[in-house]
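Here's a quick tour for someone meeting this structure for the first time. Have a look at it below, and then we'll walk through a few of its features.

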Amino acid sequence: MQRTLFWLAGLMALPVAAEAKTEISWWHAMSGANAEVVTKIANDFNASQSDYELKPVFKGTYPEALNAGIAAFRAGQAPDIIQVFDVGTGVMMGAQGAIKPVAEVLNEGGFTFDKSQYLPGIVGYYSTPEGEMLSFPYNSSSPILYYNKDIFEKAGLDVDSPPKTWAEVWDAARKIKESGAATCGYTSTWLTWIHTENFAAWNDVNWGTNENGLAGTPELRIDGPLFVKHFQEIADLAKEGVFVYGGRTSEAKQNFTSGECGILTESSGGLGDIVKSGMNYGIGQLPYDETAEGAPQNTTPGGASLWVMGGKSDEIYKGVAAFFNYLSQTEVQQFLHEQSGYLPVTMAAYEATKASGFYDENPGRETPILQMMGKEPTENSKGVRAPNLPQLRDIQNEEFEKMLAGQQDAATALKNAVERGNAALKEAVGG
Amino acid sequence: MRRTVFPHKLLPWLLLVPQLTITVIFFYWPAAQAFRQSVLREDPFGLTSTFVGLANFRRVLSDPNYLNSVRVTAVFSVLVAFFAMAIALFLAVQVEKIVRGKGFYRTLMIWPYAVATAIAGMLWLFMFNPSFGTLAWPLRQMGIYWNPLLDGGQAMALVVAAATWKQISYNFLFFVAGLQAIPRSLLEAAAIDGASRRHVFWTITFPLLAPTTFFLLVVNTVYALFDTFGIIHAVTGGGPGKATETLVYKVYNDGFVNLIMGDSAAQSVILMLIVIVLTAFQFRFIERRVHYG
């Protein structure tokens, strides 16, 4: 009897609840420590008002979430908000009918989008050439260098000064391996993002024509001499067993947190898991090539942004606007930044974090921001865009894997990557 | 043969409706969609599409990576089908010999079949991933340079092992049933004649198992071609390079990761033709050698 009453009460309460709150779905790709941050933000937003109910749904890795979103759109079941990684930006920008620009959503929701409040590098990356903001930067990141202080100490390296140039990284990595402090000196996540896209920006060399694709369809240029030299060095280290390959995305983080490798280059957004592992780590800026003129220049934003899908009701758009407004609040951004290692999106949040003394207590945490804001971006360092960047990265990864396995040298790998990549680009734009 | 005549005209159709509906919705309709998409060029979101005729097919068939995929698939399926059946047959014969606890061993043998493909893939990944695999470490300690992330041969061995392991149970079940159907009298007669065990197996047991073996050959080929997607996705993702990219995985990769819908659809159509031809071939030529008793 009691149970029946309980169900009856539940049934009666249902329509009321559905009427009172508009549900907003948010598909994301955050796992591990970063997933906890998403849940906390959603819960706090839901508690902060009573009109909307934000429902975050984990959809796998970045590429998986993007593909799930596209498949759902084709089936007429698209979520309201979807998190798309930097690489998918070109894909989303090409889908003008499928998305609703964030600037528009915010304006219609009664909020003004003031560009000057946001970090300039990020705004530029997620806007049209005409300056309209298309997606909301949620988690922007920049690649940095992490090192294991215990291993550095054992190898007789200076614990307080991480290597600054690639040459110094190779040296330190060899020392780590030779001294037996660890079985592997250096590893890296995201070879494509860190060693071609950011490598180009940071050393101020061309990744592709047409301002790396920001001003039109690019043609790849990653077979330039600086790239060849860099990748040949990595290939040599791999042969010596000093560099260990972890995989195409963020798998190498595991090789670092497990203590197998002494040095890691990885997104600043990987910080949460490194902190969680409880290791004694240090942070340095992304290494640059000392022979490159003007290096270090600036890094480009990675991470992901939130896209609003088209064809939804006004009520939902209002809720989305309210959520984005909430998300850009200083305290929320500060929380996001401090917990996850992602960059704060607004200047105010950055200033507030600085004023709170957070960077003094946590050395290295300001590094990704300084890297990105240190210099006015050049044509080579504003970012990278292509209508099929995920595919271009796949092609590069395949060639790198053959190179690391010793089947081809760096020059051949890069030449193949450029040839295959350019063919794929031509195909993607209907050539 | 005797003909049975049923009085009802409508009832048989009515009884067939559920099955036909499911077949149309889940097989014919998607297949028709694949045909339609294979002659179109479409953007990822499906907002615009243009008719391009057979251009997608031409491109796919002239792509060296596609030919690589064909080769990978051939190697992979032959290895998986062979090992999954050979090991299952060996184990089924061994279990027959056991006097006590037969049921127990059989139950243990059937377990892996209950594991979902993707989970089976994860299990093998956890054992053999070079950075955190529990068995990768001892391998390295033994001086074996174990790194399936870069070594295409090792990656292939890993996915073949995982896919085989997953399928052994199914084959085992059928072989056990097949072995039990073999008339005792034949085996006893052979024993009285003083035939060796090996001789009995190859001249009596194995030929009598032919129907089961043939059925399993078809099932295992289809399994290796399609059902192993989850394992490859979880363990290698088609890498390193393109060393473990089978045809099905390439369809997924081009369509869902690289968002080239037309190419992907053309590949599905080709794949469909390959399977039809392969199955027809198996039934036309191999089945002739099968004796159904």
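## A bridge between the chains

Let's begin where the two chains meet: the side chains of Glu427(A) and Arg59(B) form a salt bridge, with 2.9 Å from N to O. Salt bridge here means a side-chain nitrogen of Lys or Arg within 4 Å of a carboxyl oxygen of Asp or Glu. Across the interface of chain B and chain A, the rule finds four salt bridges.

This is a predicted model, in which local features need pLDDT of at least 70 and side-chain atom pairs count only at pLDDT 80 or more, while totals for chains, interfaces and linings use all residues. Residues are numbered from 1 along each chain as its sequence is written, chains are lettered from A and ligands numbered from 1 in the order in which they are written, and side-chain values use heavy atoms, leaving out hydrogens and water.

## The interface as a whole

How many residues of chain B are in contact with chain A? There are 27 of them, and they touch 29 residues of chain A, where contact means heavy atoms within 4.5 Å.

The size of an interface is often given as the accessible area lost when the parts come together. For chain B and chain A, that buried area (summed over both, 1.4 Å probe) is about 2400 Å², with 55% of it on carbon and sulfur atoms.

## Chain B by itself

Chain B has 13 helices and two strands; these are DSSP runs, with helices (H or I) of at least four residues and strands (E) of at least two, numbered from the N terminus. Its C-alpha trace spans about 75 × 75 × 30 Å along the principal axes.

Of the 293 residues in chain B, 44% are buried, meaning under 20% relative accessible area (1.4 Å probe, protein chains only).

Most residues other than glycine have a negative phi, and most peptide bonds are trans. Against that background, a cis peptide bond joins Ala295(A) and Pro296(A), with omega about -5°. Pro296(A) sits in the loop between β9 (281-284) and β10 (302-309) of chain A. Chain B has a cis bond too, between Gly239(B) and Pro240(B), with omega about -10°; Pro240(B) is in the loop between α11 (229-235) and α12 (247-257).

As for phi, Trp190(A) has a positive value of about 40°. Trp190(A) lies in the loop between β7 (184-188) and α9 (191-202) of chain A, and counts as buried at 14% relative accessibility.

Terms used:
Buried means under 20% relative accessible area, exposed over 50%, partly exposed in between (1.4 Å probe, protein chains only). Buried area is the accessible area (1.4 Å probe) that two parts lose on being put together, summed over both.
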